[in-house]
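Please consult the sequence and structure shown below.

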Amino acid sequence: MIAKPKGTIDIKGNDSIIWEYVNHVISNMMNSYNYEFIRTPIFEMSELFHRSVGESSDIVRKETYDFKDKGDRLITLRPEGTAGVVRSYIENKEYVLPDVKKYYYNGTMYRYERPQSGRLREFTQFGVEVLGSNDPIVDAEVISLQYRILESLGIENLQININSLGNNESRNNYREALVNYFKPHINELCDDCKERIKTNPLRILDCKVDADSSILKNAPKTIDYLNSESKKRFEEVLKYLDYLEIDYEVNPNIVRGLDYYDHTVFEIVSLDNDDSKNNVLGGGGRYNKLIKELDGPDSYGIGFACGIDRIVSLLKEMELYKNIKREIDVYVMYVSEEEKLYSLNIVQNLRLNGVVCETDNLNKGLKGQFKVADRLNAKYLIILNNEDLQKGLVTVKDNATKEEEKIDIDEITEYIIGSL
RNA sequence: GCGGAAUUGGUGAAGUGGUUAACACGCCGGAUUGUGGCUCCGGUAUGCAUGGGUUCGAUCCCCAUAUUUCGCCCCA
């Protein structure tokens, strides 16, 4: 037997109902906010991710699915959504138009990781990228959109953790200050932090081991290293969020792992989730440098991404979603060949009128068909028998009350629609 | 990349170094001649993740591998 590859899942049964619902909510909300669906390739040239996500990030260092195709091209399965969207924006020269481009995506991502709770090798993210504007109103819209989608799925106690890294200069100054600050104390920090000071010093700030140490608590804060313009910009973002009535907390330790971020960075967490490690449902930030770095014009971008797998597993724990079941409206039962022909017609008619309908596909006896109908959670049963059919009648049974009624065969679709 | 735990039918699982691997649910068939769900009867793993080893004998002990799961790193 061939099993599925490590770190992958089959989404089926009741789970797939929740997935379909989540996708439905996402696309509706995206539509209201006027975001255009974009579908970029699942694989891209490897160089794209090396240049965008950054060599220092673990995503590129050890987590990408890389391979050479038959034409000797270095290909990588996408580990995140932003790079592909930005690539497309540049490649298609969307920036020549004076408009802001607002994209949303929803698709599978691939990271070669050790699977564990809330973490898969193939997982699904949805997210947005807004390209071509640096106005803080866009930051606020992106953050609030993420918040409102999760909220409308019924997730409660959401909180945005937000921070600003400032522009390139602020970010570099801060990075330098951090390194200078930590260097004399490095032996007091954990082994991972000793490594981080070389690769990504900002990450020391959210180290779990040293979280309570006074060294970390007294570390320089990003906010203090913002130049006045960056600071003003950040304050505007916060002001707009206030007007949108979005709960946020300014958290100077939010740094995000991807190299391309500047200015606004944020994460969204569900405070209800017991599993504090996986309570980060999504995150994002502004990436004004990235477009130029990928050979585009000097432009602006901001986006967020959310993990649908994590959202669905959170939803599954909620009362609201616990009793979700796949069910059908009508099950049509027959035994003889002649009845079968009638069934064919009745079923098709119901289906074309939007009634979720099933009939016997296994040539079972009547008893077996009752069992199948129950397993499918059918609301109504239509039972065909030759005697009634000759009089133009069919039996309809309400499977909840067990009441039966004989209905004219020409009015059956109408009758069912009226009863549902 | 590093560390811990686990792996027995469709499902939940019990179990033992020695002939037929409990029990329950589910499923299939029958009692019930074309209106079921209750009840009763019968059937449902030629095999205990895979490959080696120890042993007269291994599902059970040992090793390796795979997968699952929980952590670290990192991230959604």
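An open sheet is formed by eight strands, arranged in the order β1-β5-β6-β11-β10-β9-β7-β8 with mixed pairing. Its edge strands are β1 (36-37) and β8 (248-250), each of which pairs on one side only. The model described here is predicted.

**Sheet and packed helix**

- Strands of a sheet pair through backbone hydrogen bonds, in either a parallel or an antiparallel manner.
- Strands β10 (residues 280-286) and β11 (residues 301-307) run antiparallel and are joined by five bridges.
- Within this pairing, G283 has A305 of β11 as its bridge partner.
- Helix α4 (residues 82-91) packs on the sheet, where it touches β5 (101-110), β6 (122-131) and β11.
- The direction of α4 makes about 40 degrees with that of β6.

- Most residues other than glycine have a negative phi.
- N34, which is not a glycine, has a positive phi of about 65 degrees.
- The loop between α1 (13-32) and β1 contains N34.
- N34 has 8 other C-beta atoms within 10 Å and is therefore exposed, the limit for this class being 12 or fewer.
- N377 likewise is a residue other than glycine with a positive phi, near 55 degrees.
- The position of N377 is in the loop between α14 (366-375) and β14 (380-383).
- N377 counts as partly exposed because it has 13 C-beta neighbours inside 10 Å.

Notes. Residues are numbered from 1 along each chain as its sequence is written. Chains are lettered from A and ligands numbered from 1 in the order in which they are written. This is a predicted model: local features need pLDDT of at least 70, side-chain atom pairs count only at pLDDT 80 or more; totals for chains, interfaces and linings use all residues. Two strands pair if DSSP finds at least two bridges between them. Helices (H or I, at least four residues) and strands (E, at least two) are DSSP runs, numbered from the N terminus. Two residues are in contact if their C-beta atoms, placed from the backbone, lie within 7 Å. Axes are lines fitted to C-alpha atoms, for helices over the stretch in contact, and angles run from 0 to 180 degrees between N-to-C directions. A residue is buried if 20 or more other C-beta atoms lie within 10 Å of its own, exposed if 12 or fewer, and partly exposed in between; C-beta atoms are placed from the backbone.
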